[in-house]
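Here is a briefing on charged side-chain pairs. Please keep the structure open while reading.

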Amino acid sequence: MAQASARRIGLALGSGAARGWAHVGAIRALEKRNIRADCVAGTSIGALVGAAYAAGKMDVLEGEILQLDWKRVLYFFSDPSFHRSGLVDGKKIADFLRSRASGLSMESLPTPIRVVATDLNTGTEVCLVRGDIIDALRASFAIPGVFTPVEMNGTILVDGGLVNPLPVSVVREMGADFVIAVDVGRAAIGSTTPPILQAHETSDGDEDRSSSSVGAQLLKSLSDLVDTLDIAPLAALRRRTQRTPLPHVFEVLMASINIMEMEITETRLKTEPADLLIRPSLGHIGFFEFNKAEEAIAEGYRATTAALNALPDGGRFLVRD
């Protein structure tokens with residue numbers, strides 16, 4: 001029988017767009033070993049999965065994301081904003097989440113959670129610890145240029161990945177003495193082909209599965225808005241990408257942010273290391289391929305199982321009786 005763990009275990013879930021569904025698989029692997037986190041912190045998609053974990057609603061989240069197809073993904077992104085601060089309002093996503101977690105406040109969740117966002121005015125990290133959980137999530141995944149920022153208590157908030165893509169430091173501040181961190185943003189390492197080009201080079205023409213087709217459909221769904229706002233450079237880029245194999249504007253933006261976040265993560269891990277760092281191999285999943293949840297979950301589970309197996313006694317020292 002495993003010894004009761006006296007450790008306070010913290011779970012840090014990083015940003016990474018659609019690749020973040022791997023967090024679900026990582027959590028399932030931990031649950032399989034009877035390893036339970038005492039606290040959790042998440043950034044962007046990691047905040048979303050972390051909130052479901054903290055609320056005890058992992059089954060609900062997993063059931064929903066496994067039903068996502070590319071048409072449903074397009075529906076959530078076909079929510080044009082009439083502000084110049086972002087192309088997508090994010091209300092459809094927020095309303096969907098609220099319908100599944102109505103009235104939940106961060107401080108009421110069974111497991112303590114912190115959600116990481118960025119103060120757009122000062123460039124500083126903001127850790128949200130109380131208030132409506134959906135508002136906090138909406139702020140944390142407000143990808144600059146894609147989603148409109150969120151105004152909260154006089155502060156303009158955007159994606160937390162700009163300052164702390166893998167919030168190991170936040171979990172430490174919550175009192176964790178053993179931090180398990182899941183980094184889904186470093187999928188490109190070891191690849192000889194830049195991931196932003198892989199989908200264009202290997203696409204089999206199946207629009208239900210192609211990362212590039214999802215990006216193309218997203219861009220197409222916002223084309224009328226672009227014309228309305230008279231954003232000439234973006235309209236010109238849209239016309240050009242229709243004639244060439246270059247990545248689409250959303251893919252360019254997400255890849256650029258991902259590169260920045262990888263560098264930030266590496267820098268911070270040098271001074272804020274995790275006790276167990278899990279890095280699923282997710283280079284085959286595009287940033288907007290939220291419809292590939294099954295593949296991402298499986299890889300998150302595989303990578304976490306392998307990481308636990310590499311620990312002394314398979315990580316049994318983390319198990320509570």
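A salt bridge is a side-chain nitrogen of Lys or Arg within 4 Å of a carboxyl oxygen of Asp or Glu. Side chains of opposite charge can pair when their charged atoms come close. The model is predicted. The structure holds 16 salt bridges.

**Arg28 and Glu62**
- Arg28 forms a salt bridge with Glu62; their closest N and O atoms lie 2.7 Å apart.
- This pair links distant parts of the chain, with Arg28 in helix α1 and Glu62 in helix α3, 34 residues apart.
- Both Arg28 and Glu62 are buried.

**Arg28 and Asp59**
- Arg28 also forms a salt bridge with Asp59, and here the closest N and O atoms are 2.7 Å apart.
- Distant parts of the chain are linked again: Arg28 sits in helix α1 (residues 22-32) and Asp59 in helix α3 (residues 58-65), 31 residues apart.
- Arg28 has 19% relative accessibility, so Arg28 counts as buried; the cut-off for buried is under 20%.
- Asp59 has 59% relative accessibility, so Asp59 counts as exposed; the cut-off for exposed is over 50%.

**The network**
- Salt bridges link Arg28, Glu31, Asp59 and Glu62 in a network.

**Asp313 and Arg316**
- Asp313 forms a salt bridge with Arg316, with 4.0 Å between the closest N and O atoms.
- Asp313 counts as exposed because its relative accessibility is 54%.

Definitions and conventions: Residues numbered from 1 in each chain as written. Predicted model: local features only at pLDDT ≥ 70, side-chain atom pairs only at ≥ 80, totals over all residues. Heavy atoms only, no water. Helix = DSSP H or I, 4+ residues; strand = E, 2+ residues; numbered from the N terminus. Buried < 20%, exposed > 50% of the residue type's maximum accessible area, 1.4 Å probe, protein only.
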